[in-house]
Amino acid sequence: MRIILALLGISALVACGADGEPVQPSANSTVTLSSSGMQADTSLGLRQGPFGMSLGLGL
């Protein structure tokens with residue numbers, strides 16, 4: 001749990017531009033319907049230069 005909170009804190013710090021230019025986050029959501037049910041996936045990401053971070057959640 002601490003690792004997740006630390007990653008969210010770091011991504012918020014990078015996104016707000018505290019260390020330079022602000023970085024625009026990307027978001028992606030998909031909902032899939034099939035005969036076996038429904039699946040929802042969401043991901044959030046940040047990219048700056050060669051570094052990138054992504055956090056995903058699937059339900």
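Reader: What pattern does the protein follow, read along the sequence?
Author: Along the sequence, the protein follows α-β-β-β, which comes to 1 helix and 3 strands. Helices (H or I, at least four residues) and strands (E, at least two) are DSSP runs, numbered from the N terminus. Keep in mind that this is a predicted model, where local features need pLDDT of at least 70, side-chain atom pairs count only at pLDDT 80 or more, and totals for chains, interfaces and linings use all residues. Residues are numbered from 1 along each chain as its sequence is written, and side-chain values use heavy atoms, with hydrogens and water left out.

Reader: Why is L55 called partly exposed?
Author: Buried means under 20% relative accessible area, exposed over 50%, and partly exposed in between (1.4 Å probe, protein chains only). L55 has a relative accessible area of 46%, so it counts as partly exposed. You'll find L55 in strand β3.

Reader: And how many of the residues count as buried?
Author: Of the 59 residues, 8% do.

Reader: What makes the lining of the largest pocket nonpolar, polar or charged?
Author: Ala, Val, Leu, Ile, Met, Phe, Trp, Tyr, Cys and Pro count as nonpolar, Asp, Glu, Lys and Arg as charged, and the others, Gly among them, as polar. By that rule, the lining divides into 10 nonpolar, 4 polar and no charged residues.

Reader: Which element gives the largest share of that lining?
Author: That's α1, with 6 residues. α1 (2-16), β2 (37-48) and β3 (51-58) each supply at least two.
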